[in-house]
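Here's a quick tour for anyone meeting this structure for the first time. Have a look at the picture, then read on.

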Amino acid sequence: MSDAVLDDTSLPHDVSTFDKGYLGDGHTLRSWLLTTDHKRIAILYALTLTIFFFIGGVAIALVRIELVTPAQDFVTADEYNRLFTLHGIIMVWFFLVPSIPATFGNFLLPLMIGARDLAFPRLNLFSWYLTVIGGAFTVYVLLAGGVDTGWTFYTPYSSIYSNSHVIAAAIAVFVAGFGTIATGINFIVTTHTMRAPGLTWFRLPLFVWAMYTVSVVIILATPVLAMALTLMMAERFFGVPIFNPQGGGDPILFQHLFWFYSHPAVYIMILPAMGVVSEVIPCFARRRLFGYDFMVYALVAISVVGFFVWGHHMFVSGESPYANLVFSFLSFVVAVPSAIKVFNWTATLYRGQITYEAPMLYAFGFVGLFTMGGLTGLFLASIPIDVQATDTYFVIAHFHYVMVGGTVSAFFAALHFWWSKITGRMYPETWARFAAVLMYFGFNFTFFPQFIMGWAGMPRRYGSYPPEFQIYHVLSSAGAVVLAAAYLMPLGYLTWSLRWGRRAGDNPWGATGLEWQTSSPPPTHNFDKLPTVERAPYDYHPEGYVETGEAARTIEASQKGGEQE
Amino acid sequence: MTAARITPAEKAALREPWEDIARQRQAVELGMWAFLASELLFFSGLFAGYTIYRSIYPQAFWEAGAETSLWFGGANTAILLISSAVVALVPRAARWPGLGRFARAMLWIGALLGVAFLVLKGFEYREDFHEHLWPGPDFKLHAEGAELFFSFYWCLTAIHAVHLVVGICLLARLAVAGARDPGWFTETPAVQATALYWGLVDIIWTVVFVIIYLPGRGG
C-alpha cells in the first residue's frame, strides 16, 4: 500500500516535512479494517474499548443517580439490576481485561523487543474481530432489554429463573474471551521467538514481562470461564441439570469454575498495569528500576499463586473450613509479591531526579490506589472479616481500588507516556496534570465513602437503602461526577493534540526502551534497522550519557528553580 | 542472516513478519502448543465437574455408565486412534521429497475417519434418544445423579464433536491447499500445527471413552 493522499489537504500546513509513519500508510477505512499492522490494530482496539468504557460509564452513572436518594425512585428495581449488570459485564470484559494488553501491549510489545510485528499478525486482527463480535452481542443485549444476573452469572438464577437475555450476554463474553486468548498466544510466541539479538530474558523491560505473564494467565484461565458459561447455557437452553439441585447438581460448582477464571482475571487486569508503572517511574525518576530481578519474580509469583486463591470469593458459600483456611492463607501469600513491587517502585524513587509530568502523576496515583486496594484485600482475605463484609460496599470499594484505581490509572499513565510515540504529538501538559490530579481526587471521593458504608453494613446491588447511608451515597455520587469529568478531559485534550499538539520528536522523555529508538510515529515496519541490545533495561545515567529532549529541558528548568510549563 | 537463500517453496510458506522459515515453524508450533494448553483447561472444567459428581454419586454413575453403548464408543475409539496414527505420518511425509501426495492422501483418510466417527456418533445419539437418555422428565433412570452422568455424556461428546468438525475442516483445507501448491505444502508449518490439533482431539476422546463408556462394565 503506498501513501494515499486522500485528506492531506485537511492536515496542518507543514505535513510534508512530518513523517506520519504507520499512520500515513493508507487512509481508507479498508486500510484500517484489514490491516495486520500491530500498531493499527492497537488503535482499533483503543477506539473500540473507549466506546465500551463510556457505555459502561453511562450505565453506572444511572446507578449513581438512583442511589442519591434512599428510595427506589429513578429506575425500577429490575432496571437497576440490568444497569449494574451491564456496567459489570462491559467494564470487566470489554474494557479492563483487554484494556492495556490489547492496546498498549499490541502497540508496544514488538517495538520493545525490536521486532517488526507480532508473531501472527492475521491472528491479531482476528482477535480484534472476535472482540467486536462479542461487543455486538453486548450491544444487542443492551438494546433488547439487558440482563439482570450481575456480571457473575451465578446459577441457578442465570440458568433457570432469570427472564433476561442471559444467553446472548454469555455468548458475548465467550466470544470476546477467545479474542483475549488469541492475543495471549500471540504475545507468548512473540516474546519467545522474536526478541532482538542481545535481548535476553533478563534484559526485557518489565512491561514485556508483564505482557508475557499476563498472557500465560489469560490462556490458562479464560477457557475455564468459557466452559462455565457453556455449561450454564446448556442448562438454560437444554435443561441438563449440571448446576441444578433438582437433578442432583450443585450451583456452587459454577461458582468454583467462574472464580477459577475471575480471580486470575483480577491479575489479568493488574499485571499489565504494574508493567506500565515499572516503565514510567524509572523514566521520571531518572533511575534504574530498583530490584529488577525481584520485580520479574514477583510478576511470575503473582501469576502462579493467583491461580490458587479463588476460593476466597466463596468463604460464605458453605465451602469446607479447611478449604477456606488454605484459600485464606494463599490470599495472604499473594500479597507478598505485590508488596515487593510497591516497595521496589518506592525505592526506585529514592535519590532520583523526580519530575512530575502527567504519566508520573498517574503512576503515583496507581501506586497509592493499588496499595489501598491491596491492603483492604488483606482484610477480606481473613475469614472473620470477610464474613462481615461479604456482599457489602466494602468489597465494591476494595475491587474498584484495585481494578479502577489501579488499572485505569495505569491505563492513563500509559496513554500519556506513549501518546507521543503513538501519534507523534505531545499532549498539553498542564491539562494532563490537572486531569491526573482530578482523577485521583475524584476516585477517592467516589470510592472511599463506600468503604465506610460497606463496613457499616450497606449491601451491594440494592437500589433502595436505609436513610442513614444516604450521606455516603451522596458523597459517592458527587465523586462520580468529578471522576467522570476527569475521564472526559483526556478525551478532549488528547483529540485536540492530534491536530494542534506540539511535535514530540522521537524520544521526548529521554527514555531507554527500544520503542524510543525508532521515529514517532514509527514506520509500518517499526525499525529502519533492527536494533541489537547490549545493556540491561532502565539504563538511565550510563557513563557519558547526556540527557536530551524533554528530560533535559525539565532538568535544566528545575535547576533554574523555575516552572518549566 | 539465513534469509540469503530462500527456495520458492519456502517463499510460498513464509508469512509476514517472518524472514526465516525455521523460525516461523518454531513460532507456529509454540503457538499451537499454547493453544492446546488452553484447550486442555477448557475441557478440564468438564472433567473437574464429572470427577466431583462421580465422587458424590458413585453408584448412580456406575449404573448410568452401563447404559451407554460400548459398541459405538469402542468402534469410535478405534476409528479415532487409527486416524491419529494416519495423521501422525503427515508432518514427516509432507517434508519428505516425493511423499507429498502420500501425505495428502493420509490427510483425506484422517478426515474421512473423522466423518465416519461423526456418522456413528449420530446413530448413537439416535439410539440414546429412543432410550430416553436425555436428562429431563422422561429420563429413563431414577437414581439421583444418573441425570448428571448423562448431562456430562451429552456435553462432553457434543463439545468434542464440535472440535472434531473443526479438525476435519482443517485436514481437508490442508489437503486441498496442498494439492494446489505442493511447494507450499512441503514447507508450511500449518501441517505440523494441524496434526498437533488432531492429536489433541483424539487424546481428549480417549479420556472421554474411559470416563463415559467404561464405568459400570465388568467387575
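What follows is a walk through the two chains, with a stop at one residue in each.

## What you're looking at

Before anything else, keep in mind that this is a predicted model.

## Chain A: the overall build

Chain A has 16 helices and 0 strands. Its radius of gyration is 23 Å, close to the 24 Å that the globule rule gives for 565 residues, so chain A is as compact as a globular protein of that length.

How much of chain A is tucked away? Of its 565 residues, 61% count as buried. Take the contacts between residues at least 6 apart in sequence: 82% of those join residues at least 24 apart.

## A closer look at A:Glu429

Now zoom in on A:Glu429, which you'll find in helix H14 (residues 429-455) of chain A. Is A:Glu429 buried or exposed? Its relative accessibility is 7%, which is under the 20% cut-off, so A:Glu429 counts as buried. Its side chain also has a partner: it makes a polar contact with the side chain of A:Tyr427, at 2.9 Å.

## Chain B: the overall build

Chain B is helical too, with 8 helices and 0 strands. Starting from the N terminus, its elements read α-α-α-α-α-α-α-α. The C-alpha trace of chain B spans about 70 × 30 × 30 Å along its principal axes.

Of the 219 residues in chain B, 51% are buried. Among contacts with a separation of 6 or more, residues 24 or more positions apart account for 78%. Chain B exposes about 10,100 Å², and 67% of it comes from carbon and sulfur atoms. It carries 16 positive and 18 negative charges, whose mean positions are 13 Å apart.

## A closer look at B:Thr188

Where does B:Thr188 sit? It's in the loop between helix H7 (182-187) and helix H8 (190-213) of chain B. B:Thr188 has a relative accessibility of 9%, so it counts as buried. A polar atom of its side chain lies 3.2 Å from the backbone nitrogen of B:Ala190.

Conventions: Residues are numbered from 1 along each chain as its sequence is written. Chains are lettered from A and ligands numbered from 1 in the order in which they are written. This is a predicted model: local features need pLDDT of at least 70, side-chain atom pairs count only at pLDDT 80 or more; totals for chains, interfaces and linings use all residues. Side-chain values use heavy atoms; hydrogens and water are left out. Helices (H or I, at least four residues) and strands (E, at least two) are DSSP runs, numbered from the N terminus. The radius of gyration is taken over C-alpha atoms; the globule rule is 2.2 Å times the number of residues to the power 0.38. Buried means under 20% relative accessible area, exposed over 50%, partly exposed in between (1.4 Å probe, protein chains only). Contact means heavy atoms within 4.5 Å. A polar contact is a pair of N or O atoms within 3.5 Å; within protein, one must be able to donate a hydrogen and the other to accept it, and residues adjacent in sequence count only if both atoms are side-chain atoms. Accessible areas come from the Shrake-Rupley method with a 1.4 Å probe; for residues, only the protein chains shown count as cover. Lys and Arg count as positive and Asp and Glu as negative; His and the chain ends are not counted. The place of a charge is taken as NZ of Lys, CZ of Arg, CG of Asp or CD of Glu.
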